Amino acid sequence: MNDGFDPEVVVAGGGPGGMVTAYLLARSGVRVTLLESHRDFDRDFRGDSLHPWTLELLDSLGLAGDLLALPHFAARWFRFHTPHGTIRTTDYGGLPTPYNYVALMPQSRFLDFMAARAAELPGFELRLGAKVTGLLVDGETPDGAPEVTGVRYRDAASGAERELRARLVVGADGRFSRMRRLAGLTAEPLGARSDLLWFRLPRHDDDPPEADVDLYFGRHHYVGLLGGPTDWQIGYSLPKGGYPAVRDAGVEPIHRFVAEHVPWLADRVEKLTSMDDTTLLSVDISRVATWWRPGLLLIGDAAHVISPVGGNGILMAVQDAVAATNRLVPALRAGRVGPDVLAAIQADREPAIQVVQAQQVRTEKRVAKARERGRPMSPPAILRLVTALPGFRVRAARRNAYGPNPPALDVSLLVTRAQSSDSAA
Ligand SMILES: Cc1cc2nc3c(=O)[nH]c(=O)nc-3n(C[C@H](O)[C@H](O)[C@H](O)COP(=O)(O)OP(=O)(O)OC[C@H]3O[C@@H](n4cnc5c(N)ncnc54)[C@H](O)[C@@H]3O)c2cc1C
């Protein structure tokens, strides 16, 4: 028994996966504590895209209208610029949904919004500045395997080490997951061949309105843009492990590349004055063989690291949250979350993750091959032909907007405010 709020579930990590899991569990009447190591959600370069599927989910929860009243950009196209021409591979605008676009909103704004809505639920508790440092393993499952029964965490405000017991721990602590390591699980690398250097340049009112998620390819690098309200986040690709050489060369080659390949940014590349204003992202694509231990479930990047290529890591993490909720809530209500339930959640999600990661590995290979040959990546002629067909672009949008085998939230699990007050008491 814990002091004070006594959760049934502890979620470690307040990124998109952990936040949505905690929200959905609390909306289903489960008492849940979300532990986030940082003291706020305001972190740079984390991915800002909310896909049509995510917006439809939020709509079904009655949250989409209020969220989309906050500043964001609606990206309707995905374009690919090469020295041989531009192709539009994806047309979200043709999707038969009111949410026929990718909403680009700073991740911190989305997480702050979700945290505020979750705080209205009696079964939800958020502890910020709470870094999980250990797993409590003091029980045994009926088949004799040790069972995770809670976590140990450091409270940043007081510096104290604390323990929190729960019937289930959800590890949603991202690509460098400590929960994964503590449980003795390993993410096997699948073949990332690039790294990305991120920086920002200011956005001007007359910038191309459709450039929000565009990619620009050159001979040795490409840049990906992510539009924000006041600036562009720019990811500049490097060969894996190539950072020391790029750092030593300084910002000049980056200026030249951007000015040549994204000419409308040439007037402001000089605003990137120092390598200190860049952040290196070591791109990873990896997956854990088993996403659970008795009493512990890994979701999101903790279970499977998704690279920024394709911009669907947030979608995958949120879909994990939905698949987990669908199975965890009935199990918690029935009194036990056994290994069969945790294995079923992995089985629900792993095929989709495999498809997405295989696609990312193929893209990494093509980019690396083009780079090694010193040729700019160019779309195959067939792709240029088929993407001229609107039907193709809409089908591509559907695949990206919903991901493979998207889960549907079982909304019958959600409880009314009165019911959830009773269960939290
Ligand atoms: C530079 C970059 C750009 C990206 N761009 C995109 C994009 O445009 N679109 C997209 O969909 N995806 C993008 N991604 C991928 C996307 O960010 C991830 O796939 C997604 O955030 C995974 O969500 P998550 O909730 O599993 O983990 P995360 O978002 O990584 O969240 C994990 C959370 O756990 C917390 N945490 C870590 N350790 C502990 C601990 N010990 N105790 C408590 N809390 C802890 C962290 O502070 C963090 O808040 C990008 C990733 C990067 C790195």
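Guide: Two strands count as paired if DSSP finds at least two bridges between them; strands themselves are DSSP runs of E with at least two residues, and helices are runs of H or I with at least four, numbered from the N terminus. The model is predicted: local features need pLDDT of at least 70, side-chain atom pairs count only at pLDDT 80 or more, and totals for chains, interfaces and linings use all residues. Residues are numbered from 1 along each chain as its sequence is written.

β16 has antiparallel partners in β15 and β17. Strand β15 (residues 215–217) is joined to β16 by three bridges, and Leu 215 stands opposite Gly 224 of β16. The two strands form a hairpin, with four residues between them. Strand β17 (residues 231–239) is joined to β16 by five bridges. Here Gly 227 faces Trp 232 of β17, and three residues lie between the strands of this hairpin.

As for the wider setting, the domain assignment, which is automatic or from a database, gives domain 1 as 9–71 + 106–189 + 285–369 + 409–424 and domain 2 as 194–239 + 241–282. Their centres, taken over C-alpha atoms, are 31 Å apart. Ten residues from domain 1 and twelve residues from domain 2 make the contact, defined by C-beta atoms, placed from the backbone, within 7 Å.

Key
Contact = placed C-beta atoms within 7 Å.
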